Amino acid sequence: MPHRAIYSPSSITGARVCYVRFVARIEILMSADSPIAESYSSVTELLARRRPVQPVYCIYPGVYESTAREFVDAFPGRVLYAVKANDHPAIIKLLHQGGVRHFDCASVHEIETVMQACSDPTCYFMVPTRLRGAARQAQREFGVRHFMIDHLSGLQPLAEEVDLSSSVVFARMAVHHSAALQDLSSKFGALPEKIPELLLAITKTGAEAALAFNVGSSVTSPDAYSHAIEVAAGVLRDSKLRVRLVDIGGGFPKSYPGFSVPQLTEYFDAIDLARKKLPMTDNGEILAEPGRALAAPGMSAVVEVLLRKEQRLYLNDGMYGIFWELRFKGHNRYAFRCYRDGAELSGPLQPFQLNGPTCDGTDVLPAEIELPQQIRCGDYIEFGRIGAYSLSGRTNFNGHYSDNIVTITGTDQNPPS
Ligand SMILES: *Cc1c(COP(=O)(O)O)cnc(C)c1O
């Protein structure tokens, strides 16, 4: 521990005490029925009672439920939550309570997490890369019936592990569009012209063949979906093949400060219109795999200012922790609120550079943000809409890792947005 104090200017006092608490908390998490150990009516109550040394990640249950409800009610098809966006059991449970019944999983671990978090979910194994034996285990232990391939060579290993006659196998097609900030077709997906032979090969095994693609992540225009659906329609029309299920993937964006995107309903309208051109069987259905759109809004991160050097703040969380997604192209900051002595802090603003606590020189948030001029060491900042690609990617680099996850139960409480 003394090393940390010498080498890291933003050392966290009481780290050893926290470690003991952290271990204790893991035990609470493992033993309790509810995956969350603590709840507070508001963040101000949390700060007043705990004055937390470690970052605290706050789940707003009502926001998760209503976000799920709105998506499920408005989307013209079946909604699968992409578990990788945030696999915390409490969040899976809340989304389920909000009406999400289907889950897009990419590993047995994700499937197990979903099965334990809620009753009677349907899990889909939607990735062409599975560990050896994983498809077998998914089907035998959890009744999984939906799988994915993106190359002919993927069919035989699947056939060896599962009963294909009772399965649906999606052929994943690559689609590209400039409105997708992260391309999800560079790694997976067969070229459109390869899709007919994949669908035929799947059908031959006795499985039901279906079609899937993924436009990208943080897709900034509904056109990207219309375009991909038109490509899919062309492939099906030319090959005279019909499918019952077409999975259009995730990518539905959320707005962040400086990054505003169209309303979800604009996406749904475009999808609803485009899908009419899809040659599907009579009971045809569109599937979507939203991750970010469901995971982002309901969680915040409460972090402490450890050090102020003029316009630079050093926080107890950073790019190796809850903010790791900011290293990718997309939005570059989150909405926030500041607190001092348990009350909200306001006043004239000025730009600050935000640094994480580790010794690494790249542990700096990509964009400056405007915070109250008077902000200082010991104040807290709550960052909102942080639920997507945050918890699941945090590391324990340099010994910084927080597992303080709480719920904020006051019905009038909302994360900064
Ligand atoms: C990551 C991913 C998603 C979710 O993407 P979002 O941009 O979070 O909606 C959906 N499907 C697949 C196959 C993915 O890899």
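How many salt bridges does a search of the whole structure find? The structure examined here is a predicted model, in which local features need pLDDT of at least 70 and side-chain atom pairs count only at pLDDT 80 or more, whereas totals for chains, interfaces and linings use all residues. Residues are numbered from 1 along each chain as its sequence is written, and side-chain values use heavy atoms, with hydrogens and water left out.

Side chains of opposite charge can pair when their charged atoms come close. With a salt bridge taken as a side-chain nitrogen of Lys or Arg within 4 Å of a carboxyl oxygen of Asp or Glu, the search of the whole structure gives 12 salt bridges. One of these joins R78 to E285, with 3.0 Å between the closest N and O atoms. Because R78 belongs to strand β3 (residues 78–82) and E285 to strand β12 (residues 280–288), this pair ties together parts that are 207 residues apart in sequence; helices (H or I, at least four residues) and strands (E, at least two) are DSSP runs, numbered from the N terminus. Burial is described by relative accessible area, where buried means under 20%, exposed over 50%, and partly exposed in between (1.4 Å probe, protein chains only). On this scale R78 is buried at 13%, while E285, at 25%, is partly exposed.

A salt bridge also connects the side chains of E230 and K277, at 3.0 Å from N to O. This pair links distant parts of the chain, since E230 is in helix α10 (residues 223–239) and K277 is in the loop between α11 (264–274) and β12, 47 residues apart. E230 is partly exposed, with a relative accessible area of 40%, and K277 is partly exposed as well, with 45%. In the salt bridge of D379 with R340, the closest N and O atoms are 2.7 Å apart. Here D379 lies in the loop between β18 (369–372) and β19 (380–383) and R340 in strand β15, so that the pair links distant parts of the chain, 39 residues apart. Both D379 and R340 are buried.

Aromatic contacts were examined next. A pair of aromatic rings is described by the distance of the centres and the angle of the planes. Rings of Phe, Tyr and Trp (its six-membered ring) pair if their centres lie within 6.5 Å, and planes under 30 degrees apart count as stacked, over 60 as edge-to-face and the rest as tilted. The count by this rule is 17 aromatic pairs. The pair of F323 and Y334 is tilted, because the ring centres are 6.0 Å apart and the planes stand at 40°. Both residues lie in the loop between β14 (312–315) and β15 (336–340), so the pair ties together parts that are 11 residues apart in sequence. F323 is buried, at 0% relative accessibility, and Y334 is buried at 2%. The rings of W324 and F328, by contrast, form an edge-to-face pair, because their planes are at 90° with the centres 5.8 Å apart. W324 counts as buried at 18% relative accessibility, whereas F328 is partly exposed at 40%. Elsewhere, one aromatic cluster is formed by F71, F75, Y225, F252, Y267 and F268.

The ligand is surrounded by 13 residues, of which the closest are K84, S217, G251, E289 and Y389; a residue is counted if one of its heavy atoms lies within 4 Å of the molecule. From an N or O atom in the side chain of K84, an oxygen atom of the ligand is 2.7 Å away. A nitrogen atom of the ligand is 2.8 Å from an N or O atom in the side chain of N214, and a backbone N or O atom of G291 is 2.9 Å from an oxygen atom of the ligand. The ligand taken alone exposes 390 Å², and the protein buries 91% of that area, as calculated by the Shrake-Rupley method with a 1.4 Å probe.

Backbone angles were considered last. Most residues other than glycine have a negative phi, and most peptide bonds are trans. R51, although not a glycine, has a positive phi of about 40°; R51 is found in the loop between α3 (43–50) and β2 (56–59) and is partly exposed, with a relative accessible area of 46%. E310, also a residue other than glycine, has a positive phi near 50°. E310 lies in the loop between β13 (299–309) and β14 and counts as exposed at 61% relative accessibility.

Definitions and conventions
A polar contact is a pair of N or O atoms within 3.5 Å; within protein, one must be able to donate a hydrogen and the other to accept it, and residues adjacent in sequence count only if both atoms are side-chain atoms.
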